[in-house]
Amino acid sequence: MFGAFGHLLHLARVGYVLTREGVLALVPPERAPALARPGLWVARLLARHADAGRAERIMAALTRLGPSYVKLGQFLATRPDIVGVSLARDLEGLQDRMPAFPQTIAETEIETALGKPVSALFTRLGPAVAAASIAQVHEGEIRLEDGSLRRVAVKVLRPGIPALFQRDIAAQAFVAKLIERLVPSARRLKPYDVVLTLRRTVELEMDLRFEAAALSEMAEATANDPEFSVPRVDWANSARTVLTMDWIDGIKLTDIKAIEAAGIDRVDLARIVMQNFLRHALRDGFFHADMHQGNLFTTRDGRLVAVDLGIMGRLGQNERRFLAEILFGFITRDYRRIAEVHFEAGYVPRYHSVEAFAQALRAVGEKIHGRNAAEISMAELLSLLFEITGLFDMATRTELVLLQKTLVVVEGVSRSLDPSFNMWTTAEPVIRDWIERHLGPVGRIEALARDAGAILQSARRLPDLAERAERLLIALETPRENPPARAPLMLPLTIAAWTGALALLAIALARFSV
């Protein structure tokens, strides 16, 4: 009771800020319930930014509400299926910039986390060069064993931020549950699951060891990629609230003039951005899910360097196949195959028609084809796809939406470098290579080998499964007050146990033979 009351007080403040910043005034009265229309009229009177654009009002409100709402806005920018593609694009511009906390507090946090004075850890630790909702970054310098100096970036968690996020996300979860209860049509979008995903994402971001691990994993996966790299982690000077890594001496992809002045080929750099993202998603099943211009650098030789790996996406083998076949299907205009993949993956309920879904996909694909490269937009494609998947009762797949949204962001980065960038022709070599490698003869042989290994593993467990089943049957057949087992029944029961175990093996073999 008191928890709900506290959430309502917190949400009252949120409503007041949204009113004052003019966000509620954006709601068209004709789309609101009749009882809410007087409130919208009052909201228009109280708005102090009524002349500002939609994006400016939303950004001002979220920034005023604090770090957790800035993070919520950024997260919703990855969920166009919920807020719509247009609003998601507005939220992309939300800058995660907060005032830096004092240098003395940062040094105290570092000393507490690493157990040594800052002077013993770094030969120099400068003031914050960037401050966001969760952490801020300092430029530092360490002395190596050979006596040389190395520049490093030191990321320090903002003090008190975990408790603040827990409070705000609890209130957001309360609202999400309320929406699911009162608005049945919203249940398909799973608002409560969205909040839980946000909470899990933020919890991982607030433990900088996870970002360090992501940097390490990405470095191993891309060790042989000549066009891409990530900073190296200094594990000795990293902990839950502190992350130390190499300083990147490069040019941010936001600085187009500096890129041109350095003589870097912008068209080729656009290709590198898109193809490396797709390579990470398809080949590794592990991709940077916050790959905007502010997190990307280019070195003087044109190599791409990614930072801020706090949000990462993962795809299993089935999701990778889904991605590859969907994109390849649009490239080759094979709408029937795109539809079949959706049904095979179980994303569209079986009571719908494959043919009807293929027809709907054709309505999307043909709108994209035949237009010049500058007009082809992944954001437009996703907007149309979300409309169609809603008509066909396709439930939200969080991992795929995150991937799709990142793909839109990456396309935007590439277009900022090359206005005539064509995502489809750039993506085709990477997608075709993956399909030939994994869905061609070699891939099928490897899949059979994996299945054979799984069958052998299951076969090794047969005696153990049968023994467990036999013990269970003994327990069921033995009266509680008469411990001795009834031996005449044990032979058929044991045979039944082995039959059940062998049936499991038969199912596995049937799968192997398909």
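Below are my entries on cores, a surface patch and aromatic pairs.

**Ground rules.** The model is predicted, so I kept to its limits: local features need pLDDT of at least 70, side-chain atom pairs count only at pLDDT 80 or more, and totals for chains, interfaces and linings use all residues. I number residues from 1 along each chain as its sequence is written, and side-chain values use heavy atoms, with hydrogens and water left out.

**Cores.** I looked up nonpolar cores first, meaning sets of buried Ala, Val, Leu, Ile, Met, Phe, Trp, Tyr and Cys residues joined through side-chain atoms within 4.5 Å. Buried is under 20% relative accessible area, exposed is over 50%, and partly exposed is in between (1.4 Å probe, protein chains only). The largest core has 73 residues, and Leu-253 and Ile-431 have the most contacts inside it. Helix 13 (residues 266-284) gives this core its largest share, nine residues. Helices (H or I, at least four residues) and strands (E, at least two) are DSSP runs, numbered from the N terminus.

Which residues does Ile-431 touch, leaving aside neighbours within four places in sequence? I found Leu-282, Ala-324, Leu-327, Phe-328 and Ile-331 (contact: heavy atoms within 4.5 Å). Apart from that core lies another, of 27 residues, including Leu-18 and Ala-173.

**Surface patch.** Trp-41, Val-42, Leu-45 and Leu-46 make a nonpolar patch of about 420 Å². Patch residues have over 30% relative accessible area and no salt bridge, with nonpolar side chains (Val, Leu, Ile, Met, Phe, Trp, Tyr) joined within 5 Å. A salt bridge here is a side-chain nitrogen of Lys or Arg within 4 Å of a carboxyl oxygen of Asp or Glu. Val-42 sits in helix 2 (residues 37-46) and, at 37% relative accessibility, counts as partly exposed.

**Aromatic pairs.** Rings of Phe, Tyr and Trp (its six-membered ring) pair if their centres lie within 6.5 Å; planes under 30 degrees apart are stacked, over 60 edge-to-face, and the rest tilted. I count five pairs by this rule. Phe-277 and Phe-287 have ring centres 5.7 Å apart and planes at 90 degrees, so they are edge-to-face. Phe-277 is in helix 13 and Phe-287 in strand 7 (residues 286-288), so the pair ties together parts 10 residues apart in sequence. Phe-277 is buried at 1% relative accessibility, and Phe-287 is buried at 1% too.

I also noted Phe-343 and Phe-357, edge-to-face because their planes are at 70 degrees, with centres 6.1 Å apart. Both of these, Phe-343 and Phe-357, are buried. Last entry: Phe-330, Tyr-335 and Trp-424 form one aromatic cluster.

Terms used. Patch = residues over 30% accessible without salt bridge, like charges linked within 9 Å, V, L, I, M, F, W, Y side chains within 5 Å. Areas by Shrake-Rupley, 256 points an atom, 1.4 Å probe, with all protein chains shown as cover.
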